[in-house]
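Visitor: I would like to learn how to read a few features of a protein model. Where do we start?

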Amino acid sequence: MHHTAIGRGYLILIVLAAAVLGATFGDTVSAATPRLTREEEAALRDTRTFSLAFSGVAKIIRPTVVNIKVERRVAVQGFNNPMEFFSDLFGPGFGMPRSPRSLSHQTQIGQGSGVIVDAKGYILTNNHVVGDADAIRVILLDGRELPAELIGADPGSDVAVIKINADNLTVATLGDSDAIEVGEWVLAVGNPFGLDFTVTSGIISARGRSGMNILEMEDFIQTDAAINPGNSGGPLVNLKGEVIGINTFIYSNASGNSGSVGVGFAIPSNMARSIMQSLISHKQITSSYLGVESQSLSQELANAFGLQSPKGALVQAVTKDSPAEKAGLRRGDVVVRWGKRDITDDQQFRNLVTITTPGQPVDVEVIREGRTVLLRVVLDTSAPDAVIEGRSDRFLQNLGIQVTDLTAELRDAIGYDAAAFGVLVTAVERGSPAHQMGFRQGSLIMTVNDTEVRSQQDLRTVLGSSERIKTYTIVWRNGDFLRRVTLSVN
């Protein structure tokens, strides 16, 4: 009993000692833990608030983004004579005589992104995603997979519209891309490398980027938000959750890296909206006609006009009775502002004219003899026939060909089959660009920029209706052989 009491005493002392040591150790650990200052705690709260803003925008926009999957059937030309492969590599004089080649078809699978912009099921995306697809399917965030119809596509701007039939769609809000500022935070959403509904963040790096020689219409928003293959057609959104751009392409460095290097480009939402409305209503862009010939300014020209920088578009000529003349535009005016946008160069000016809705008044600011002059312009829907014919006639003259309509009598006389169509080339100037490219008397011009031409008037319209077009892709026929060429117009 005595030893037991002593043992219990030692046990009590040990427990008390452990409690004291534990309390001391705990105090030591607590004292060594770093503590934030009040300023640091406030900054951390602000950062958490900023993070919540990002996650809030992501919740708003992700249900409006779709994953687009496309199928394309492409023709593959085979070799009936194996030696023809080497003939193609080393020239027609190598190997055995050529024989007709066999054609087979393969299905290519591609994917991209899009954003729902209307409860009726309209989706904005890129032409290069869906423009030549044979089948289009759309996957929604909730897992539904639906077929889509191509409503319209414009290669010049890379804007396309598709449509799905579905209920309970979440619709994105198209914002005002003219109101954005360099340095503003943005999110890019899409399906990079097949990773569905991915969100990345960055800032607006620049506005009004052009001269990239990628598209006919270039007025890009530049961003450092990560945009990668598969993001094409997805939205670029501000911190209000509004779509202010449609992601379209990325800069690739010389090493061939196809991933993001912090330089991505998006089509401004105002441009995309205007083109979308035209595609839905007319299946193509409705041409807007101003009636001026213009050019960009060099520093020398800017100095001559008393301008500090070579920004703006110099009016070289004004067409009689055109919207430009009616608004008071004159030769020698320098257009420095169109609506809400400052003009950087002639290409941007032409782009803004193109996407302006005909009949809609636009406030225009010009510099005239050192003074600022404000004008109001109302565009027409298209250029007069005389203007169109003048442009197309100059083009054909510079090309070195003369054309006429293909009648049944001419078709039979030349030996074309009953299904043949196009505009008949009646003369080719020897040594001209057309002659060097292979055009000959009897050639048939069938399409220009993917538009069929079945008469001289069709050809005039496609060649002359838009001043902004800088390249023409022409498909023509010499006998039974089809040929294709892309021409640049200065």
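Visitor: With which side chain does the side chain of R368 make a polar contact?

Guide: First, a caution: this is a predicted model. The partner is D333, and the polar contact spans 2.8 Å.

Visitor: How should I read such a pair?

Guide: Side chains of opposite charge can pair when their charged atoms come close. Here R368 and D333 meet in a salt bridge, 2.8 Å from N to O. R368 lies in strand β19, and D333 in the loop between α7 (323-327) and β17 (334-338), so the pair ties together parts that are 35 residues apart in sequence.

Visitor: Is R368 buried or exposed?

Guide: Buried means under 20% relative accessible area. R368 has 9%, so it counts as buried. D333 counts as buried too, because its value is 1%.

Visitor: What else is R368 in contact with, leaving aside neighbours within four places in sequence?

Guide: Besides D333, the list holds G328, L329, R330, V373 and L375.

Visitor: How many salt bridges are there?

Guide: The count comes to 13. One of them joins R350 and D346 at 2.8 Å, N to O. Both residues lie in helix α8 (residues 346-355), four residues apart, about one turn of the helix. Another salt bridge pairs R337 with D342 at 2.4 Å, N to O. R337 counts as partly exposed, at 28% relative accessibility.

Visitor: Which residues are linked in a network of salt bridges?

Guide: D178, D219 and R341.

Visitor: Now the nonpolar side. What is the general idea?

Guide: In soluble globular proteins, nonpolar side chains tend to be buried together. In this model, the largest nonpolar core has 52 residues. L124, L290, L329, W338 and F349 touch the most other members. Helix α5 (residues 269-282) gives the most to this core, with five residues. A second, separate core has 20 residues, among them I401, V462, W476 and V485.

Visitor: Which residues is W338 in contact with, leaving aside neighbours within four places in sequence?

Guide: The partners include L290, I343, F349, L352 and V353. T356, V362, D363 and V364 are also on the list, as are V377 and L379.

Visitor: Which residues form a nonpolar patch on the surface?

Guide: F50, W185 and L239 do, with about 250 Å² of accessible area together. L239 sits in the loop between β12 (235-237) and β13 (242-250). L239 has a relative accessible area of 33%, so it is partly exposed.

Methods:
Residues are numbered from 1 along each chain as its sequence is written. This is a predicted model: local features need pLDDT of at least 70, side-chain atom pairs count only at pLDDT 80 or more; totals for chains, interfaces and linings use all residues. Side-chain values use heavy atoms; hydrogens and water are left out. Buried means under 20% relative accessible area, exposed over 50%, partly exposed in between (1.4 Å probe, protein chains only). A polar contact is a pair of N or O atoms within 3.5 Å; within protein, one must be able to donate a hydrogen and the other to accept it, and residues adjacent in sequence count only if both atoms are side-chain atoms. Contact means heavy atoms within 4.5 Å. A nonpolar core is a set of buried Ala, Val, Leu, Ile, Met, Phe, Trp, Tyr and Cys residues joined through side-chain atoms within 4.5 Å. Helices (H or I, at least four residues) and strands (E, at least two) are DSSP runs, numbered from the N terminus. Patches are made of residues with over 30% relative accessible area and no salt bridge: like charges are joined within 9 Å, nonpolar side chains (Val, Leu, Ile, Met, Phe, Trp, Tyr) within 5 Å. Accessible areas come from the Shrake-Rupley method with a 1.4 Å probe; for residues, only the protein chains shown count as cover. A salt bridge is a side-chain nitrogen of Lys or Arg within 4 Å of a carboxyl oxygen of Asp or Glu.
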